[in-house]
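Here is a short note to read alongside the model. The points are numbered, and each can be checked in the viewer.

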There are 2 protein chains.
Amino acid sequence: MSDEPRQPTIYDVARAAGVAPSTVSRTFSRPGRVNADTAARVRAAADELGYRANAIARALHSGKTQLLAIAVADVTNPFFFDVIRGAETAASEEGYTMLVADVQESPVSERRALDRILPLVDGLILATSRLSDSAIRVAAKQRPTVVLNRVMSDVASVATDNSGGTRHAVEHLASLGHRQITYLAGPEASWADGMRWRALREACHRLEITVRRTPPSAPTREEGRRVAARFLENPTTAVIAYNDLLAIGFGQELTERGIDIPGAVSVVGFDDIFGADFCNPPLTTVASPLRALGAHAVRTLLRQVTTHTPRLPPPAKLPMKLVVRGSTTTAPARPTDPVLPPAAPRP
Amino acid sequence: MSDEPRQPTIYDVARAAGVAPSTVSRTFSRPGRVNADTAARVRAAADELGYRANAIARALHSGKTQLLAIAVADVTNPFFFDVIRGAETAASEEGYTMLVADVQESPVSERRALDRILPLVDGLILATSRLSDSAIRVAAKQRPTVVLNRVMSDVASVATDNSGGTRHAVEHLASLGHRQITYLAGPEASWADGMRWRALREACHRLEITVRRTPPSAPTREEGRRVAARFLENPTTAVIAYNDLLAIGFGQELTERGIDIPGAVSVVGFDDIFGADFCNPPLTTVASPLRALGAHAVRTLLRQVTTHTPRLPPPAKLPMKLVVRGSTTTAPARPTDPVLPPAAPRP
DNA sequence: TTGAAAGCGCTAACAA
DNA sequence: TTGTTAGCGCTTTCAA
């Protein structure tokens with residue numbers, strides 16, 4: 001259960017095998033550059049002693065650890081499950097080990113975590129960083145970095161095609177006869193939120209649909225419920241939420257209040273997270289290619305890591321796909337509330 | 001976006017500040033043991049050069065990184081969300097940073113991941129390891145280690161009180177008039193599965209309830225659906241699943257086949273994962289204290305890390321709590337199938 | 001093919 | 001309070 005009895009080093013192995021430490025090193029780091037018999041002897045001695053190469057000492061010299069890290073703002077957010085999974089798999093295929101760091105909410109703890117982790121890894125993926133662009137640049141200067149769902153001019157990035165996805169959602173609702181949409185806004189600082197709202201306004205304008213949005217809110221189920229209460233003071237027949245968590249909470253609240261989804265209100269989410277297919281009713285949502293997002297980020301990162309290219313790859317934009325489930329249907333004949341205030345600009 | 005222009009070291013800072021490298025080291029690693037003015041000069045120089053201490057070099061010497069790791073078999077399993085969260089928080093409170101490693105399924109990749117990570121961390125939490133007891137012992141010899149939901153004689157462990165939890169579930173069903181229970185078994189190698197099944201048999205015996213179990217299955221929703229199909233060939237009025245994922249899949253399949261839950265079949269899960277409260281119907285489940293599990297593991301670990309105690313703390317057993325939701329109700333008057341084969345021992 | 005020896009960046013005696 | 005000097009465990013010239 002504890003450590004204490006000091007791990008054997010190459011020196012111990014060397015002594016046991018009757019060779020020089022450098023030979024032991026070679027045996028493990030570049031087999032082939034050592035006589036087969038010698039190597040066998042060394043390996044035998046190593047096994048005997050229970051020797052395991054100390055990756056950290058090796059890294060000190062080479063600067064390479066074969067470790068990659070992905071920093072997320074909240075491991076508890078199911079959005080990341082498959083992103084991490086995708087990153088994981090892609091990294092593993094290339095012989096890298098992926099570390100996940102939950103950098104909590106605050107930029108302070110994010111900084112601290114990054115300070116500790118950066119020197120240990122060969123590359124970094126920043127998913128939903130709370131850091132400012134300039135702080136990210138500092139990190140990116142230390143290690144190859146890729147940001148997820150955020151586009152920066154001088155750091156490689158991988159994002160989803162929010163405009164396309166939003167358009168799909170609006171067209172779907174339009175085809176069901178909805179003429180009014182409420183957008184349940186996400187966090188103020190979210191890049192994706194801005195993208196989605198902009199695309200939404202454009203698409204609605206084009207299709208002559210009235211649209212407005214709620215004040216910014218954290219992307220959680222609890223917030224979804226809270227927003228629902230306010231929504232009811234002035235409802236529309238259709239709702240698009242910043243993400244599935246918000247949509248699910250919103251739906252729960254409405255259902256509990258006896259309001260039928262999708263009969264009275266159609267709801268569309270974003271991302272298609274775990275749970276979107278088995279909530280009640282199953283959620284129509286604009287699916288993010290979560291695994292692909294993670295995998296693509298890793299590949300982009302590894303390209304920087306292996307080739308020492310200072311050239312910035314163009315920002316990747318992965319397509320989103322509308323998944324129609326049970327939370328959307330044709331607009332009710334008599335809208336709950338035909339009179340809508342115009343979309344007001346947010347302060 | 002890349003690294004290249006070599007990071008400045010204490011030597012660079014020392015030269016710039018006109019002091020010795022060790023002074024630079026001290027200003028950062030043990031402030032107070034250096035003159036305020038000197039320290040200020042050093043810091044200024046460091047800022048100027050953009051110096052950041054290289055944690056890995058520091059670790060090589062001190063052996064301490066302030067890093068902890070938790071290895072999980074599958075980040076994608078919502079069971080871990082809150083466990084990780086709890087561990088995260090507890091670690092952070094003590095000034096440690098928590099790393100999460102997804103060790104995929106195979107013991108091989110788990111080994112590889114651990115080899116790379118162990119030298120970097122001050123302690124390790126093994127949640128759902130696929131490793132053999134002896135392999136775990138090897139790791140535990142390298143670094144303080146705590147295993148989660150698995151009890152070993154010579155490695156510290158934190159688990160849930162599966163017996164108690166199972167008993168609650170059975171008593172709940174018994175009080176609703178159920179006389180027959182099917183247990184949807186989990187993975188064959190799962191320690192928790194064994195515990196739950198054993199407790200289940202005992203509790204049922206005591207309450208004179210007939211019980212049987214399905215063949216082992218992976219704890220996924222897909223498997224839950226598959227098991228449901230077989231269950232219907234020979235149903236009971238109540239079902240207890242190895243975990244919520246299995247229970248949710250099971251419920252989905254039954255619902256789609258037009259079988260009413262809980263009207264025809266009552267379903268109880270384990271763990272109370274994300275989603276258990278918003279699936280349809282909301283799932284009655286034996287809740288694991290997920291966050292507490294993670295937090296407790298960290299505290300146990302840190303005790304080993306800080307005091308170099310070779311003494312093994314007794315295995316912790318955290319209580320489970322039955323959360324009654326919509327998936328259980330009184331047994332139907334005429335059981336779907338009154339004749340049950342006796343619980344057969346598994347091969 | 002193997003060994004000797006010089007670091008990688010930092011910390012920690014030990015002196016001054 | 002500060003500087004000098006060994007290392008931590010490993011890799012890597014450079015010779016042999």
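1. Helices in this note are DSSP runs of H or I with at least four residues, numbered from the N terminus. That numbering gives helix α1 of chain B as residues 10–17. The model is predicted.

2. Start with that helix. Asp12(B) forms a salt bridge with Arg15(B), and the closest N and O atoms are 3.6 Å apart. The two residues are three places apart in α1 of chain B, so about one helical turn separates them. Side chains of opposite charge can pair when their charged atoms come close.

3. Chain B has a second pair to look at. The side chains of Arg225(B) and Glu256(B) meet in a salt bridge, with 2.7 Å from N to O. Arg225(B) sits in helix α10 (residues 221–231) of chain B and Glu256(B) in helix α11 (residues 244–256) of chain B, so the bridge ties together parts that are 31 residues apart in sequence. Arg225(B) is partly exposed, with a relative accessible area of 23%. Glu256(B) is exposed, at 58%.

4. Now chain A. Here Arg225(A), Glu253(A), Glu256(A) and Arg257(A) are linked in a network of salt bridges. Over all chains, a search of the whole structure finds 32 salt bridges.

5. Which parts of chain A does the pair Asp82(A) and Arg291(A) link? The side chains meet in a salt bridge, at 3.4 Å from N to O. Asp82(A) belongs to helix α5 (residues 79–93) of chain A and Arg291(A) to helix α12 (residues 290–306) of chain A; these are distant parts of the chain, 209 residues apart. Both ends are partly exposed: Asp82(A) has a relative accessible area of 24%, and Arg291(A) has 45%.

6. Next, the domain layout. Chain A is divided into domain 1 (10–62), domain 2 (67–160 + 290–318) and domain 3 (162–289). Taken over C-alpha atoms, the centres of domain 1 and domain 2 of chain A are 34 Å apart.

7. An unreviewed UniProt entry annotates residues 8–62 of chain A as "domain: HTH lacI-type". In the model, this span is 71% helix and 0% strand. Its end C-alpha atoms lie 21 Å apart. Asp47(A) lies in helix α3 (residues 36–49) of chain A. Asp47(A) is exposed, at 64% relative accessibility. Asp47(A) and Val13(A) are 34 residues apart in sequence but 9.1 Å apart in space, C-alpha to C-alpha.

8. Is strand β2 (residues 97–102) of chain A buried or exposed? Six of its six residues are buried, so the strand is largely enclosed by the rest of the structure. Thr97(A), Leu99(A) and Ala101(A) point one way from β2(A), while Met98(A), Val100(A) and Asp102(A) point the other way.

9. Within chain A, β2(A) runs parallel to strand β1 (residues 67–72), and six bridges join the two. Ile70(A) stands opposite Val100(A) in this pairing. The chain passes from β1(A) through α5(A) to β2(A) in a right-handed β-α-β crossover.

10. Ala101(A) has Leu99(B) as its bridge partner in β2(B).

11. Four bridges join strand β6 (residues 180–184) of chain B to strand β7 (residues 210–213) of chain B. Ile181(B) stands opposite Val211(B) in β7(B). Together, β6(B), helix α9 (residues 191–206) of chain B and β7(B) make a right-handed β-α-β unit.

12. Last, Val324(B). Where is Val324(B) found? The residue is in the segment after β12 (321–323) of chain B. Leaving aside neighbours within four places in sequence, Val324(B) is in contact with His172(B) and Thr284(B).

Key. Residues are numbered from 1 along each chain as its sequence is written. Chains are lettered from A and ligands numbered from 1 in the order in which they are written. This is a predicted model: local features need pLDDT of at least 70, side-chain atom pairs count only at pLDDT 80 or more; totals for chains, interfaces and linings use all residues. Side-chain values use heavy atoms; hydrogens and water are left out. Contact means heavy atoms within 4.5 Å. A salt bridge is a side-chain nitrogen of Lys or Arg within 4 Å of a carboxyl oxygen of Asp or Glu. Buried means under 20% relative accessible area, exposed over 50%, partly exposed in between (1.4 Å probe, protein chains only). Domain bounds come from an automatic or database domain assignment. UniProt positions are given in the numbering used here, feature names are shortened, and annotations may be inferred rather than shown by experiment. Two strands pair if DSSP finds at least two bridges between them. A crossover is right-handed if, with the strands pointing away from the viewer, the path from the first strand over the helix to the second runs clockwise.
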